[in-house]
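Welcome! Let's work through a few exercises together, step by step.

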Amino acid sequence: MTLQQLAQYLLSGITQGSIYALIALGFVTIYNVTGIINFSQGEFAVIGAFVAITLAQETSLFNGQAVVTLTWPLPLAALAGVVAAVLVGVLLYRLGIQPARHASPLSQIVVTIGASIALRGMVLLAWGTDPYRFPAFTQGKPLKLLGAVVTRQGVWVIGLTVVTVVGLFLFFQYTLIGKALRASSANPGAARLMGINTRRMGLVAFALSAGLSALGGIVITPLTFMTYDRGLMLALKGFVAMIMGGLTNPFGAVIGGLLLGVVESLAAGLISSGYKDAFTFAVLFVVLLVRLGGLLRRGRGEALERAGL
Amino acid sequence: MKAKFSVGQLAVVGLVAVIALVPPLVRNNYQVFILTLIGLYTMLTVGLSLVMGYAGQVSLGHATFYGIGAYATALLSARAGLPSWAALIVAVVITASLGYLLGVPMFRLRGHYLAMGTLGLNIIFSLILKNEAEITGGPSGFTHIPPLSVGPFVFDNDVKMYYLVWVAALAVLALSLNVVHSRVGRALRAIHSSEVAAETLGVDSKAFKLRVFALAAGYAGLAGGLYAQAIHFISPSSFDMLFSIELVTMAAVGGLASVWGSIFGAATVVLLAQFIRDRLGALMEGASGEGEIIVFGLLLVVIMVFLPEGLTAGGLKAIRNWQANRKAESG
Amino acid sequence: MKRQLNILLAGLGVLALILSACGPAATTAAPTTAPTPPPPTARPTEPPKPEAAPTAAAPEPPKEGDPYVVGAFFSTTGPTSSLGKPEWGTVAMLTEHLNGDGGILGPDGLMHKLDVRKYDDQSDATKAVEIAKKLIEEDQAVVIIGGSGSPASIAVIETVTNAQVPFISVASSSAIVTAQDGTQNFWVFKTPQQNYPVAQVQADWMKAHSVTKVASLGVNNAFGQDSMVALQTVAKENGFEIVWEGTFEPRDTDFSAQLTDIQGTDAQALIVHATPGEGAPLTVQFRDMGFEIPIVHNHGIGNQAFIDTAKDAAEGVLFPIGKLLVAAQLPDSDPQKATLQQYQSDYIAAFGSKPSTFGGHAWDAFMMVKQALETVGPDSAQIRDYLEANIANWVGISGVFNITAQDHTGIGKESLVLVEIKGGTWVFVDPQDYANVP
């Protein structure tokens, strides 16, 4: 393996990993506030991207039965995409999560799975199975770093991830809503006593995470196209990234995502390309093993809590 | 108590009679085939219901064991030359054992991690099936799987497989009822409602969960082997994560903690899918697949939110509540 | 206890529902063809003509007989849908045309509309088997076409064989028609070329271009697998080396790991086995990463979507394909030219986009069935015999077919041409120019 190849694996891995990091940030936001893992996290990315695509260029919907010929400037279309995803997130929370808040965790998981399936079906109905993309945010030839290639859009992806995680950190630390969100997750009872509407906080968390994922989906579309079924894999990999990063820490989620992307890239290139997706879960199992102090040791469930999971 | 019992027994006898009488009355290989599929999916769903409803563990990878049973049966009978009945039995044993072995690390996980873990298992399994083409035939599938033959009986047509599958399904249901009403079942319910309390009372929850998981895996292995011997061709796409989720839908519709509900759940999902394909397919040219996906997703959400005990039990309860409310208001 | 009883009763109720729904072959499916024009109004009965010499007046239009039921299933959803959708559309279009003209003229002298029952198998082999059984038992189809993906086609072989209903597949794997002992499956035919002749055309180009080492990257599904195996076979026969071989998942859109690995090899060309969904993003990434070696696809990218998606990256892509894409560039003497151009204009008129070779496979299957029905009528065994014996020098979209008892596919390398994508469109490459492209 040459230095150029190594650099390429790393660079490609970081780019892909940034995508996972963005999704993971959405997971972290929701989990921090509501304790729910939202399996439809990836669908927000897909929906946001597709709405932006439809508004930015001529698109035919519903198998050709409707043609949208709007050509909004990209930033506006992107904003609309984010808004659309936020709306879907709010709807999901109101119709699916809130009514089920007293149900068992199992039921809640299954609700989000059902939601992800339904959303995927709707996207499929509207946009079909073809891959879509819009032009990169900035045009130009790919850049070279140590002989490795990164496209300009790839730089945008990495950049957006950095900006997002910093923004989230500042949001949670220094803004009133951010602090209210953290309070709701740390101690809902006390938060309510302080006048914080914890139910509304759940809504805010869902809306925020939907927006984050949508942003992620939009920024990766010029790079790796968008298809109706990317949501599930994005969600799975984002989830693994979140676990790697420690579940509650946005910076950890980003590190986790980047690490995951790099490991995947190296393993797929050096070991076996056919098993690329399997490496994600291999990493997951390894991380959990380390966290639990061994997957095979007989231990009590509390070990998980103590390990900060 | 005695009166209820005999009605229950009557109902079972009635069910068996209905099942037995379908092929001669219906005389339609397609319907017989659909009912055979329902029988197979019942076996899968019952195991999943036990795992999810009684043991309270999320399993999003149940199709893995379905696939292990199918491929093991295929390899043993078509490649290793075992007689088909032996291949089936060995495949079930292998699947149950793998269920146990995989359950050991899996059950150290909880909630979402377990869900992810089981999903990961399914994804890895699908990739193995696709990549190890020398053994499994790869994405093109594995063909020429011999039908089940026991002595002079060869199960080589739709009707014979129908009876075979339903005998197996009823046996699986009977066994599961036994488990549920036994010490193991009570222990499981205790674990489900409060694991800590159960453990303080001396219940080794880990061991029980593992046993149920292995049992469910065994059921799935049996269903997989029979599937392979019914269609004589298997391919990785039949055992993927999407099918696992379909199984969860069946379990949810039937009621997560209901043994008999599994027939209902399996039947509803299969028939609903058909209905969508036929009706919606006419409305939107070729869009029945999308329609199916949307409907099932929404179904899952609705059931989990409003009827977590499944369509029948939940529905009946809702009706009874409504009747009781009406009485309270007027009384 | 009571809850279990209730559930049991509900289960019985379901079974009862099933039974009540199983009438004798009730057609539960609404026909999915375009609404057929209203039957001609009854002609006023004429008094019986005296036995005179037959007049040279305009003949009466033939009366109408019962519709012929044809079964079809394609993958319009799922991973194989990029193949299934154009196939479905083509069949729908042809059905509408034929029925708009009153149907086809059967051997009994009556006009018969075509009742084509189409279903979506969702790229799933089990559903394909379900559909095949439904078509046979309930819809009473006399012949079946379809099976966009090879697993779906292979899965139904047993069902159609047991029911003795002929099946024309639109998938490419040789295992569909060839049994384990090398003979052809009696009731099964197929219209796409095998993957082997496609690899042969690629090998011809390699020889002309002095390429001896290639990297082989394919989609991890039945189509990709079969294509990669074909390349391996052709490699051995022609003495070139596959220095790197790998796969990617269907619908994956990031290939950087595989491409990076290929960069470390001394491959002189990249051979890709993919369908447009992955083929286009792959080609884009290939160009972005700065590769300078040629990229050669197989016949999985034979549609406009590839060019639309890959845009500039598609320039210089080579691939063997049926003649449909370069119909206008063929010499007028080519027997296929007129048929190809007719299909093109019909498809554009119906759908507003250019047809793909996948739709072409469905066209071939449908028209073969039409011809068989016109000659022998709705008899499954006779249709099968007709297909085996009478499809000779038969001009279709995928090629000129010669089906025999030993070859249920009927077309080979001669039906393929090498095409280069230049200026955003397909350009025919003469074999003498192989050395000069891309």
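**Exercise 1.** Is helix H4 of chain C largely enclosed by the rest of the structure or largely open?

*Solution.* We work with a predicted model, where local features need pLDDT of at least 70, side-chain atom pairs count only at pLDDT 80 or more, and totals for chains, interfaces and linings use all residues. Residues are numbered from 1 along each chain as its sequence is written, while chains are lettered from A and ligands numbered from 1 in the order in which they are written.

Step 1: helices are DSSP runs of H or I with at least four residues, strands are runs of E with at least two, and both are numbered from the N terminus.

Step 2: a residue is buried if 20 or more other C-beta atoms, placed from the backbone, lie within 10 Å of its own, exposed if 12 or fewer, and partly exposed in between.

Step 3: 11 of the 14 residues of H4(C) are buried, so this helix is largely enclosed by the rest of the structure. Among them are Ser150(C), Ile154(C) and Val160(C).

**Exercise 2.** Where is the kink in H4(C) centred?

*Solution.* The bend at a residue is the angle between axes fitted to the seven residues ending there and the seven starting there. The kink, of about 35°, is centred on Ile157(C). Just after the helix, Gln164(C) has a positive phi of about 55°.

**Exercise 3.** Which element gives the most to the side of chain C that touches chain A?

*Solution.* Two residues are in contact if their C-beta atoms, placed from the backbone, lie within 7 Å. In this way, 26 residues of chain C touch 25 residues of chain A. H7(C) gives the most to that side of chain C, with six residues.
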